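Hi there,

Here is the model I promised to pass on, followed by my notes on what turned up in it.

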Amino acid sequence: MINQFKTNRVITMNLTVFYGTPLSKMVERGEFVPPSSKERLEEVRTLLETLETTERIIFDTTHPTNIIKIKGTLPEDQVRLIHEVERFISKGIVFV
């Protein structure tokens with residue numbers, strides 16, 4: 001979808017399950033399983049790998065809900081950002 005629209009900024013946010021919400025109750029009952037840290041990182045990597053732009057776009061994961069904080073301008077920083085995400089994935093760091 002992002003590839004179909006002209007935008008100058010992509011800001012990512014991760015799902016946050018807040019205590020006491022219907023979603024948190026679904027998690028408690030096993031009806032919903034939030035993604036693991038690795039899965040969330042893989043999602044960011046996939047997004048970066050599939051963004052196709054010749055226009056300059058700011059890519060930003062510095063929102064407080066994200067488990068890593070990276071920022072750059074596409075397309076010139078795309079490879080660097082992918083490598084940064086891959087570095088976190090390869091370290092196997094677990095975030096809560």
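Accessible areas here come from the Shrake-Rupley method with a 1.4 Å probe, and for residues only the protein chains shown count as cover. On that basis the accessible surface of the protein comes to about 6,600 Å², with 58% of it belonging to carbon and sulfur atoms.

Some ground rules. This is a predicted model, in which local features need pLDDT of at least 70 and side-chain atom pairs count only at pLDDT 80 or more, while totals for chains, interfaces and linings use all residues. Residues are numbered from 1 along each chain as its sequence is written, and side-chain values use heavy atoms, with hydrogens and water left out.

**Overall picture**

The protein has three helices and three strands, where helices (H or I, at least four residues) and strands (E, at least two) are DSSP runs numbered from the N terminus. Read from the N terminus, the elements go β-α-α-β-β-α. The C-alpha trace spans about 45 × 30 × 20 Å along its principal axes. Of the 96 residues, 30% count as buried; buried means under 20% relative accessible area, exposed over 50%, and partly exposed in between (1.4 Å probe, protein chains only). Contact means heavy atoms within 4.5 Å. Among the contacts with a separation of 6 or more, 54% are between residues 24 or more positions apart.

**The sheet**

The three strands make an open sheet with the order E1-E2-E3 and mixed pairing. Strand E1 (9-11) and strand E3 (71-74) are at the edges with a single partner strand each, so one side of each has no neighbour in the sheet. From one strand to the next, the twist averages 20°. Two strands pair if DSSP finds at least two bridges between them. E2 (residues 57-60) and E3 run antiparallel and are joined by four bridges. Across that pairing, Ile-57 is opposite Leu-74 in E3, and Phe-59 is opposite Gly-72.

The peptide bond from Leu-74 to Pro-75 is cis, with omega near 5°. Pro-75 belongs to the loop between E3 and H3.

**Helix H3**

H3 (residues 78-91) lies across E2 and E3, at about 145° to E3. For that angle, axes are lines fitted to C-alpha atoms, for helices over the stretch in contact, and angles run from 0 to 180 degrees between N-to-C directions. The end C-alpha atoms of H3 are 20 Å apart, which agrees with the 20 Å that its 14 residues should span at 1.5 Å a residue. The expected span is 1.5 Å times one less than the number of residues.

Which residues of H3 are buried? They are Gln-78, Leu-81, Ile-82, Glu-84, Val-85, Phe-88 and Ile-89. These cover an arc of only 160° around the axis, which puts them on the same side of H3; the arc is that of the directions from the helix axis to the C-beta atoms. Their cover includes H2, E2 and E3. Val-79, Ser-90 and Lys-91, on the other side of H3, are exposed. Gly-92 follows H3 and has a positive phi, near 65°.

**Helix H2**

H2 (residues 37-50) also has 14 residues, and from first to last C-alpha it reaches 20 Å, close to the 20 Å expected. Its buried residues include Ser-37, Arg-40, Leu-41, Val-44 and Leu-48. Seen down the axis of H2, the buried residues fall within an arc of 100°, so they line one face of the helix. They pack against E2, E3 and H3.

Leu-41 counts as buried because its relative accessibility is 2%. Apart from neighbours within four places in sequence, Leu-41 is in contact with Ile-67, Ile-68, Val-85, Phe-88 and Ile-89. Leu-41 and Leu-81 are 40 residues apart along the chain, and their C-alpha atoms are separated by 12 Å.

Enjoy looking around, and do write back with any thoughts.

Best wishes
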